[in-house]
Amino acid sequence: MQYILSESDRVYTGETYIGDKGAFEIHEDGRPYHTFRTATVRVDGDRVRFKNCSFENHAGKGKEVGQAIALYLDGADITLEECTLIGHQDTLFLAPLPPKEIQVDGFLGPKQLTPRTDRTVTFKRCHIEGGVDFIFGGATAYFEDCEFVSNEKGYVFAPSTPEHIKTGFVAKNCRFLHTQDVEAKSCYIARPWREYAKVRLENCFLDDHIHPEGFHDWGKEKARETSVFEEYGSYGPGASNATRPGWVRTGDRYEE
């Protein structure tokens, strides 16, 4: 099933949404679904609240089915509390899309031609599980006391923060965990989907699946100069062996 939630000023409690569309699957129009038509749930309303809700996409691993979004958020002032998100590649998309696509039909879907509107979203005590780039997009997003669970080798964050936006993804007092079959040092905290990507970690636990470098440049040399990747007060096995690249800002505590 696929769901569109477009009403504003709504509160959803205890709802479960399950889907299974992957990017490689052929749509009824004869073309592949691609990334942005796979979402189990797409939220277009403003001031929407979710509590104890579950969003899942069971299409499968990215190398087998492609991207498969569980939750697509494109609304103002959205908050999720104690929610569960489960997928593999591209579990959670946080609008806006980047200004331009790189590949033909890369942004194929209901919002590909709409204006790119700045968004801010908040996650509190949520469980978000995935593999490759499983939290991605251009929003300013605050994650507080959340857990990010890698279920395969990959990358947690892939931000496309607009150049004019100061803050991208912020994880505060969160836990970076993994499922049992994920190997040590096989996952990265973040890589830049676009060149002005921004990610900040504050006082987060990093398990042993986190690669010592922590952050990857995705082969984009310019991103080393334009992206802002920051890490303060990390602890745990994935922090104790850290050898972060020189273009990543690190320290014991964050100060504005």
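Tutor: Let's start with a term: a pocket is an open set of grid points with protein on both sides within 12 Å along at least five of seven lines. In this predicted model, the largest pocket has a volume of about 510 Å³.

Student: What makes a residue part of the lining of the largest pocket, and which ones lie nearest its centre?

Tutor: A lining residue has an atom within 4 Å of a point. For the largest pocket, 24 residues pass, and Thr35, Gln67, Gln103, Gly106 and Trp193 lie nearest its centre. The lining splits into 11 nonpolar, six polar and seven charged residues.

Student: And the second largest pocket, what is its volume?

Tutor: About 270 Å³. Its lining has 17 residues, and Pro98, Pro99, Ser160, Thr161 and Arg194 are the closest to its centre.

Student: Why is Cys126 called buried?

Tutor: Buried means under 20% relative accessible area. Cys126 has 2% relative accessibility, so it counts as buried. Cys146 is also at 2%, so that one is buried too.

Student: Which residues touch the most other members of the largest nonpolar core?

Tutor: Phe143, Phe148 and Phe157, out of 47 residues in that core. Leaving out residues up to four places away in sequence, Phe157 touches several others, including Ile135, Phe169 and Leu201. There's also a second, separate core of 11 residues, with Phe93 and Trp193 among them.

Technical notes. Residues are numbered from 1 along each chain as its sequence is written. This is a predicted model: local features need pLDDT of at least 70, side-chain atom pairs count only at pLDDT 80 or more; totals for chains, interfaces and linings use all residues. Side-chain values use heavy atoms; hydrogens and water are left out. A nonpolar core is a set of buried Ala, Val, Leu, Ile, Met, Phe, Trp, Tyr and Cys residues joined through side-chain atoms within 4.5 Å. Buried means under 20% relative accessible area, exposed over 50%, partly exposed in between (1.4 Å probe, protein chains only). Contact means heavy atoms within 4.5 Å. On a 1 Å grid over the protein atoms alone, a cavity is a set of points where a 1.4 Å probe fits but cannot get out, and a pocket is an open set with protein on both sides within 12 Å along at least five of seven lines; lining residues have an atom within 4 Å of a point. Grid points are joined across faces, edges and corners, and a volume is the space filled by probe spheres set on the points. Ala, Val, Leu, Ile, Met, Phe, Trp, Tyr, Cys and Pro count as nonpolar, Asp, Glu, Lys and Arg as charged, and the others, Gly among them, as polar.
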